[in-house]
Amino acid sequence: MSLLVDAHADIAFNMLTYGRDYTRSIAETRALEAGTATVKENGDTLISWHEYQRGRIGVIFSTLFAAPARFQTHATESQVYKNFDQAHKLYSAQLDVYHRMQDSAPDKFRILASKRDLEQHLTLWQDAATEAVSRPLGMVILMEGAEAIRELSELEMWHNRGVRLIGPAWVGTRYCGGWKEPGPLTDDGRKLLAAMADFNFTLDLSHMDERAAVEALDIYEGPIVGTHANCAALMPNSNTNRHFTDRILEGIIERDGVVGVVPFNTYLKVGWSRDKGHLRDEVPLDVVASHIDHICQIAGDSLHAGIGSDFDGGFGVQSVPPEIDTVADLQKLASVLQARGYSETDTANILGGNWIARLKTNLP
């Protein structure tokens with residue numbers, strides 16, 4: 001199996017919101033949560049440390065995420081903020097979670113904040129070639145929604161603590177228009193991008209409205225990616241700005257970025273909804289391959305597509321293609337892509353090599 005990189009996982013959010021312990025097995029977590037509100041709200045978990053091992057998933061982008069209070073969906077939801085100070089506190093607490101994971105279980109979790117960290121981590125995975133040998137999961141820290149950054153002077157602190165990617169939007173923020181709340185970059189957003197470039201943060205265009213993303217592609221001087229977004233061209237009449245138009249895909253490719261495709265059925269078939277009783281079988285894994293292929297066709301190569309699962313990010317096993325029971329099953333994409341004519345080198349690029357190449361270039 002190729003080393004796989006998953007460019008979007010809401011680990012800390014789930015630990016603090018639902019008390020999920022990702023050192024437990026999938027079976028244990030599902031049994032403990034059976035019949036609870038957690039499953040109703042977020043589905044059955046797709047993630048565990050053991051499944052990352054089984055699926056040879058060596059690196060994930062671990063998110064810092066909280067929602068503005070106007071988008072609170074459940075009365076008991078804890079990771080919501082009413083102002084920037086609250087956002088700062090929540091995101092800081094989630095970052096503390098990742099540092100505690102590393103400190104308490106260095107054999108299982110490791111924050112990757114530099115090229116040296118990455119090279120040492122990859123050596124561990126290459127040397128531990130057998131399934132019997134466990135390897136730490138590498139975590140690259142991604143800030144999703146930037147309202148935790150109260151002042152631009154705080155960017156140095158976030159960088160020092162290991163944050164390496166920043167997405168200015170989830171919904172609309174003071175920095176730019178976003179998902180469900182369209183709009184361009186604001187003056188604060190332009191200032192944020194200029195300050196981010198000083199530290200070479202990678203800019204994540206996911207969730208940004210197209211107007212904001214187009215300008216960001218023009219003006220941002222640092223690296224640019226889309227960690228978790230699908231292709232608008234394959235989702236006609238979806239009535240959402242959540243997907244990337246070809247214009248955005250072309251811009252990311254021109255900047256030598258990568259786009260992580262999301263194996264979430266609602267983002268793969270227009271109108272699909274767990275709540276409306278739609279079946280998983282309606283959205284086979286081949287549909288995920290179609291989104292990957294669309295990116296590769298625009299690029300003319302296999303060097304700009306990847307995976308950003310967003311697993312446990314508001315959905316679970318009930319809302320993913322039927323071939324996927326856990327995150328380890330993302331490896332099945334290799335055979336699906338090869339059936340379409342992709343080579344082993346191509347699939348290795350897509351499953352993880354493209355993200356690794358960017359990290360080797362962009363990490364300090």
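I counted charges first: the protein chain has 34 positive and 49 negative side chains, and the centres of the two sets lie 3 Å apart. Lys and Arg count as positive, Asp and Glu as negative, with His and the chain ends not counted. I placed each charge at NZ of Lys, CZ of Arg, CG of Asp or CD of Glu.

A note on the ground rules: this is a predicted model, where local features need pLDDT of at least 70 and side-chain atom pairs pLDDT 80 or more, while totals for chains, interfaces and linings use all residues. Residues are numbered from 1 along each chain as its sequence is written, and side-chain values use heavy atoms, without hydrogens and water.

Next I looked up burial: 59% of the 364 residues are buried (under 20% relative accessible area, with a 1.4 Å probe and protein chains only).

Then I searched for aromatic pairs and found nine in the whole structure. Rings of Phe, Tyr and Trp (its six-membered ring) pair if their centres lie within 6.5 Å; planes under 30 degrees apart are stacked, over 60 edge-to-face, the rest tilted.

I checked Phe13 and Phe65: their ring centres are 5.5 Å apart and their planes at 55°, so the pair is tilted. Both residues are buried.

How do the rings of Phe65 and Trp170 sit? Their centres are 4.9 Å apart with planes at 65°, so I logged this pair as edge-to-face. These two partners are 105 residues apart in the chain. Trp170 is buried too, at 15% relative accessible area.

Last entry: Phe13, Phe65, Phe71, Trp170 and Trp179 form one aromatic cluster.

Key:
Buried < 20%, exposed > 50% of the residue type's maximum accessible area, 1.4 Å probe, protein only. Helix = DSSP H or I, 4+ residues; strand = E, 2+ residues; numbered from the N terminus.
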